[in-house]
Amino acid sequence: MADEKYPGNDNYGRPKRLYIDKLAGLDDKKLYDECEQKIWLSAYASNNPRSDYHWQADACYDEAVRRGKPEIYKQAYDHNVAGCR
């Protein structure tokens with residue numbers, strides 16, 4: 001699935017698959033931390049539609065859903081939104 005949704009390489013020429021595999025290897029706490037960071041960075045890079053942070057945030061969501069724990073992403077998102085107020 002990841003190869004179909006995230007084909008090719010990131011902006012540094014590395015296969016996107018490497019990041020997808022990294023996410024799969026994280027425990028739930030580390031996935032939460034990664035989600036929180038990538039959500040924030042994606043928002044920060046909102047003026048750059050080609051930023052890797054956008055697809056990486058999407059991949060974090062996909063990994064949380066794959067685990068049957070979409071709340072990991074939702075909590076990270078909510079934490080970012082609360083921090084922006």
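The exercises below concern a predicted model and come with worked solutions.

**Exercise 1.** Determine which elements give two or more residues to the largest nonpolar core, and which of them gives the most.

Solution.
- Start with the core itself: the largest one has 17 residues.
- Leu23, Leu31, Cys35, Ala59 and Tyr73 have the most contacts inside this core.
- Two or more residues come from each of helix 2 (16-24), helix 3 (28-44), helix 4 (52-66) and helix 5 (71-83).
- Helix 4 gives the most, with 5 residues.

**Exercise 2.** List the contacts of Cys35, leaving aside its neighbours within four places in sequence.

Solution.
- Cys35 is one of the buried residues of helix 3.
- With sequence neighbours within four places left aside, Cys35 is in contact with Cys60, Ile72, Tyr73 and Ala76.

**Exercise 3.** Classify Gln56 as buried or exposed, and find its contacts beyond four places in sequence.

Solution.
- Gln56 is placed in helix 4.
- Its relative accessibility is 8%, and the cut-off for buried is under 20%; therefore Gln56 counts as buried.
- Once neighbours within four places are left aside, Tyr19 and Lys38 are in contact with Gln56.
- Lys38 is itself among the buried residues of helix 3.

**Exercise 4.** Compare the span of helix 3 with the expected value, and identify the residue that caps its N-terminal end.

Solution.
- Helix 3 has 17 residues.
- From first C-alpha to last, helix 3 reaches 24 Å, close to the 24 Å expected at 1.5 Å a residue.
- The N-terminal cap is Asp27, with a side-chain oxygen 3.2 Å from the backbone nitrogen of Lys29.

Methods: Residues are numbered from 1 along each chain as its sequence is written. This is a predicted model: local features need pLDDT of at least 70, side-chain atom pairs count only at pLDDT 80 or more; totals for chains, interfaces and linings use all residues. Side-chain values use heavy atoms; hydrogens and water are left out. A nonpolar core is a set of buried Ala, Val, Leu, Ile, Met, Phe, Trp, Tyr and Cys residues joined through side-chain atoms within 4.5 Å. Buried means under 20% relative accessible area, exposed over 50%, partly exposed in between (1.4 Å probe, protein chains only). Helices (H or I, at least four residues) and strands (E, at least two) are DSSP runs, numbered from the N terminus. Contact means heavy atoms within 4.5 Å. The expected span of a helix is 1.5 Å times one less than its number of residues. A polar contact is a pair of N or O atoms within 3.5 Å; within protein, one must be able to donate a hydrogen and the other to accept it, and residues adjacent in sequence count only if both atoms are side-chain atoms.
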